[in-house]
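Visitor: Hi, I have a structure to get through today. Can you walk me through it?

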Amino acid sequence: LESARIMLLSKSSAHPNGIGNSSGHVGHNFCEHVMGPHVTGLAKDRVGKPKTIDDGRPGGFYLARFRNLSEKHPRFIRGYGFEGSAGSTMFPGYAGDTPGFGVGFKKTVRDNAGAYISMGGFGEVLPRYENQVTLDPEVTDKWGIPALRFDFRFGDNEKKMCEDMADAGQEMFEEAGFEILSVTRNMYTEGWSIHELGTARMGTDKKTSVLNQFQQSHDVKNLFVVDGSSHVSASCQNPTWTIMALAWRSCDYLVSEFQKGNL
Amino acid sequence: MDDFTRRDVIRLGTAATLSASLGGGEALAQAVAPPAPKFFTAEEFALVDELSELIVPTDDHSPGARAAKVADYIDARLAEAWDPAEKMAWRDGLKLVDRMAHERSGKTFMQSSGDDRIAVLTRMAEHEGKPQRPDERFFAELKERVVYAYYTSRIGIRQEMEYKGNGLLTEFEGFAVGGGDVRR
């Protein structure tokens with residue numbers, strides 16, 4: 001986001017809408033990830049079993065995207081993955097939600113340790129031109145420089161996708177034989193993922209995109225924007241590795257162009 | 001002191017009694033006497049200590065909240081809390097517990113019988129998860145703190161939950177997916 005902000009702030013006679021913004025797309029196509037719906041269950045086979053060393057495992061589990069790969073879903077496009085965890089943990093996070101008190105409460109917490117499983121959806125927010133950040137006419141940072149103003153709303157596709165997260169998660173747990181304790185259907189609010197992407201997107205057409213495939217500005221050849229701004233879509237994965245891979249490619253290209261004297 | 005098990009405490013208690021009769025009890029009694037509460041009054045502290053033990057009692061598996069010094073933990077956290085409303089909620093909540101005990105038995109909570117204490121706590125837990133009344137809201141706060149303090153204590157982690165820490169998992173018993181025989 002700061003890249004888009006710097007570009008929008010960098011106005012001159014040559015770049016009246018901000019540097020590298022002849023397309024007018026800087027700040028637009030803001031996208032991120034949508035989360036919220038999740039399922040919690042109890043693997044009854046595991047209740048009361050001896051404690052295992054589940055913290056010795058690396059991380060939780062991940063279910064890769066399965067919607068709109070080979071079959072088209074009737075209600076939304078693109079897709080989501082599930083991120084989950086299960087097993088014994090040092091602190092029984094479910095203890096506070098276990099009802100009651102006394103010996104029975106304590107035994108339930110103890111017996112259920114290692115039997116809990118939960119997972120939540122992590123979905124793609126579609127890039128849309130109208131979702132944008134602009135320079136705020138009133139709010140500034142402590143140096144008096146305009147802050148960003150957000151104009152961003154989830155659309156119908158995100159809402160339909162989240163309904164499916166809850167339905168599919170519940171169906172998977174039922175099929176697996178878990179006792180379902182809760183199905184949460186609510187979406188978290190816009191901005192929750194703190195994965196701000198897409199405000200200087202890449203593309204082949206300089207009229208509809210800001211950067212080329214090397215994250216190099218279409219307008220200004222020695223300007224590279226090496227972060228998540230270039231992403232054309234948020235996809236349904238965490239963006240850090242993609243940002244790193246693209247940075248690598250940009251640097252390779254930058255070095256070779258520099259050596260050729262093109263920059 | 002944190003490493004004391006319940007057994008140690010009992011043993012020390014016995015030692016203190018024995019040595020008291022031998023005339024050396026005072027020094028030992030001072031050594032095991034808990035420091036004065038930082039936030040609660042002595043009466044409030046005793047009440048929190050009892051409420052915590054009722055929520056997570058000692059059972060045949062492990063010591064409970066009293067042995068884990070849950071009241072000490074809550075006292076310390078409230079002493080350093082920056083929000084006066086948080087402190088006030090506890091003062092008011094504890095007064096309310098005594099008032100409820102009084103309505104029931106004409107006595108304070110600590111003077112009430114074991115059954116009356118359980119009855120008061122049961123009433124406070126009536127709509128757990130969707131607390132409405134002030135006493136129900138206080139129960140939610142009380143239980144959250146007690147649960148956090150207990151299950152992050154040495155007793156809670158090591159004895160009650162038998163936490164083993166990081167280690168090599170040579171075998172995982174797994175879960176029979178869909179009731180079938182797919183065990184991994």
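This is a predicted model: local features need pLDDT of at least 70, side-chain atom pairs count only at pLDDT 80 or more; totals for chains, interfaces and linings use all residues.

Guide: We will take the interface, then the cores, then the charged pairs.

Visitor: How many residues does each chain put into the contact?

Guide: Chain A gives 33 residues and chain B gives 41 residues. Contact means heavy atoms within 4.5 Å.

Visitor: And how much area do they bury between them?

Guide: Chain A and chain B bury about 2,900 Å². Of that, 65% is on carbon and sulfur atoms. Buried area is the accessible area (1.4 Å probe) that two parts lose on being put together, summed over both.

Visitor: Which residues of chain A lose the most area to chain B?

Guide: I53(A), F101(A) and K106(A). Together they make up 26% of what that side buries.

Visitor: How many salt bridges cross the interface?

Guide: The rule finds 4 between chain A and chain B. A salt bridge is a side-chain nitrogen of Lys or Arg within 4 Å of a carboxyl oxygen of Asp or Glu. K106(A) is in one with D59(B), with the closest N and O atoms 3.1 Å apart.

Visitor: Which elements of chain A touch chain B?

Guide: Two elements give two or more residues to that side: α2 (103-112) and α3 (156-176) of chain A. The largest share, 5 residues, comes from α2(A). Helices (H or I, at least four residues) and strands (E, at least two) are DSSP runs, numbered from the N terminus.

Visitor: New topic. Where is the largest nonpolar core?

Guide: It has 45 residues, and F40(B) and W90(B) have the most contacts inside it. A nonpolar core is a set of buried Ala, Val, Leu, Ile, Met, Phe, Trp, Tyr and Cys residues joined through side-chain atoms within 4.5 Å. Buried means under 20% relative accessible area, exposed over 50%, partly exposed in between (1.4 Å probe, protein chains only).

Visitor: What is W90(B) in contact with?

Guide: Leaving aside neighbours within four places in sequence, its partners include F39(B), F40(B), V48(B), I74(B) and L78(B). F138(B), E141(B), L142(B) and R145(B) are in contact with W90(B) too.

Visitor: Which residues of α4(B) are buried?

Guide: V70(B), A71(B), I74(B), D75(B), A76(B) and L78(B). What covers them includes α3, α5 and α7 of chain B.

Visitor: Now N68(A). Buried or exposed?

Guide: N68(A) counts as buried, because its relative accessibility is 18%. It lies in the loop between β2 (61-63) and β3 (80-86) of chain A. A polar atom of its side chain is 2.6 Å from the backbone nitrogen of H73(A).

Visitor: Back to charges. How many salt bridges are there over all chains?

Guide: A search of the whole structure finds 30. Side chains of opposite charge can pair when their charged atoms come close.

Visitor: What does R128(A) pair with?

Guide: R128(A) meets E130(A) in a salt bridge at 3.4 Å, N to O. R128(A) also meets E158(A), again at 3.4 Å. E158(A) counts as buried because its relative accessibility is 0%. R128(A), at 21%, counts as partly exposed.

Visitor: And what does R104(B) pair with?

Guide: R104(B) forms a salt bridge with D116(B), the closest N and O atoms being 3.0 Å apart. The pair joins helix α5 to helix α6 of chain B, 12 residues apart. R104(B) is exposed, at 51% relative accessible area, whereas D116(B) counts as buried, at 19%.

Visitor: Which residues share partners in one network?

Guide: Salt bridges join R123(B), E126(B), R133(B), D135(B) and E136(B) into one network.

Methods
Residues are numbered from 1 along each chain as its sequence is written. Chains are lettered from A and ligands numbered from 1 in the order in which they are written. Side-chain values use heavy atoms; hydrogens and water are left out. A polar contact is a pair of N or O atoms within 3.5 Å; within protein, one must be able to donate a hydrogen and the other to accept it, and residues adjacent in sequence count only if both atoms are side-chain atoms.
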